[in-house]
Amino acid sequence: PPRIRRLEESVVNRIAAGEVIQRPSSAVKELVENSIDAGASTVSVTVKDGGLKLIQVSDDGHGIRCEDLPILCERHTTSKLSAYEDLQTIKSMGFRGEALASMTYVGHVTVTTITEGQLHGYRVSYRDGVMENDPKPCAAVKGTQVMVENLFYNMVARRKTLQNSNDDYPKIVDFISRFAVHHINVNFSCRKHGANRADVHSGSTSSRLDAIRNVYGASVVRDLMEIQVSDENAVDEIFKMDGFISNANYVAKKTTMILFINDRLVDCTSLKRATEFVYSAILPQASKPFIYMSINLPPEHVDVNIHPTKKEVSLLNQERIIEKIKDAIEEKLMNCNNTRIFQTQALNSSALTQANTRKDKGTEVSTPTGEKSQKIPVSQMVRTDPRDPSGRLHTYWQGQTSNLEKKSGLVAVRYDLH
């Protein structure tokens, strides 16, 4: 049998990096979460070629100490917990210390940071988890800037699958939009490198509806209603949920579900499926809902350590929580389902004018330039004017009318005979 060998540390780290940083949007999500953990009030994201060429995330958080820079990008180095027991009450979004380390194994990372009270900042580059050079003093603004260049330069297969730069940028914009809706006290911006206009630009606001309006537009807010669910009387569980859901008048082709559990952006397939089932009885088949939910649970009831990218969590008594939320949504929708609003479109008078210029037989259509188009057979004509009951098919009705009169007379004769 083949011998069992230990893998080299560089191979192990690169395999782990491929699990944590699955695509450019994964790197953006990790960096933005680090900025929020650092207490930032402004987070700016710049992306080039969908994140393969450049990802730059800047914030005005508390920064990184100069003495911590040598181990900043080593695996499992973090300031957010010191013992395994701390994981039971974790409130920060990061805790493993793997995100920055993974980026250095699949890209070129440069960090510029300054802490409060310092006269200058420091810039340092990392590769394969270690510093390429000593930190260099430089001018810097408050906070930290992380720049990731040439992502997946050493992973040929991964890079080929992500060659189309248009695929990942919408995912990045979607991530930033979701963060902007939940963290209403943080200013977010996201733009392509070299672009003058940001694709996401949200300002600090005190209202959740204003945040949704800034990101998704006023047409979405018009059809939203507030929902709240709590289970504080239960002996074995305490949870609160507040958010906004769309009513029966909202029309969209795709479900938009923004879910935060203990301020952590996550996915929950079971909850999404349950809410879509409720809406399927209310909305037309082609229409999907808009849902924003923020669920708060005791930290010991949430297991955050079940996915490499932390996009999923495990909840204590998850089925019970989903059932209560599902019932609350169903009740809310039934109470608001008394009226429906249908969008109408004004009648185009110019189109009617053109339609009326057609002749009854072998019609020639007049164009605005005065030229005549090809003749349209009567058999292919359709009724276009609702004010004309017989439309343009009255040629056929002349013969049909006489037949109907004969039939009606025959019926009358038969009636008299009886």
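Modeller: A residue is called buried when its relative accessible area is under 20%, exposed when that area is over 50%, and partly exposed in between. Please keep in mind that this is a predicted model.

Biologist: Is Glu323 buried, exposed or partly exposed?
Modeller: Glu323 has a relative accessible area of 41%.

Biologist: Which helix holds Glu323?
Modeller: Glu323 belongs to helix α9, which covers residues 318-336.

Biologist: What does Glu323 form on the surface with Asp327, Glu330 and Glu331?
Modeller: These four residues come together as a surface patch of negative charge.

Biologist: Let us turn to salt bridges. How many does the structure hold?
Modeller: There are 7 salt bridges in the structure. One of them joins the side chains of Glu33 and Lys29, with an N to O distance of 2.8 Å.

Biologist: Where do Glu33 and Lys29 lie?
Modeller: Both are in helix α2 (residues 24-37), and they are 4 residues apart, about one turn of the helix.

Biologist: Are they buried or exposed?
Modeller: Glu33 has a relative accessibility of 2% and counts as buried. Lys29 also counts as buried, at 6%.

Biologist: Which residue forms a salt bridge with Arg75?
Modeller: The partner of Arg75 is Glu98, and their closest N and O atoms are 2.5 Å apart. Arg75 and Glu98 both lie in the loop between β2 (54-59) and α3 (99-106), so the pair ties together parts that are 23 residues apart in sequence.

Biologist: How accessible are Arg75 and Glu98?
Modeller: Arg75 is partly exposed, with a relative accessible area of 25%, whereas Glu98 counts as buried at 13% relative accessibility.

Biologist: Now to helix α6. Which residue meets Arg213 in a salt bridge?
Modeller: The side chain of Arg213 meets that of Asp210, at 2.6 Å from N to O. The two residues are 3 residues apart in helix α6, so about one helical turn separates them. Arg213 counts as partly exposed at 36% relative accessibility, and Asp210 is partly exposed with a relative accessible area of 31%.

Biologist: What does Ser207 reach at the start of helix α6?
Modeller: A side-chain oxygen of Ser207 comes to within 3.3 Å of the backbone nitrogen of Leu209, where helix α6 (residues 208-216) starts.

Biologist: And which residue takes a positive phi just after α6?
Modeller: That residue is Gly217, with a phi of about 100 degrees.

Notes. Residues are numbered from 1 along each chain as its sequence is written. This is a predicted model: local features need pLDDT of at least 70, side-chain atom pairs count only at pLDDT 80 or more; totals for chains, interfaces and linings use all residues. Side-chain values use heavy atoms; hydrogens and water are left out. A polar contact is a pair of N or O atoms within 3.5 Å; within protein, one must be able to donate a hydrogen and the other to accept it, and residues adjacent in sequence count only if both atoms are side-chain atoms. Patches are made of residues with over 30% relative accessible area and no salt bridge: like charges are joined within 9 Å, nonpolar side chains (Val, Leu, Ile, Met, Phe, Trp, Tyr) within 5 Å. Accessible areas come from the Shrake-Rupley method with a 1.4 Å probe; for residues, only the protein chains shown count as cover. Lys and Arg count as positive and Asp and Glu as negative; His and the chain ends are not counted. The place of a charge is taken as NZ of Lys, CZ of Arg, CG of Asp or CD of Glu. Buried means under 20% relative accessible area, exposed over 50%, partly exposed in between (1.4 Å probe, protein chains only).
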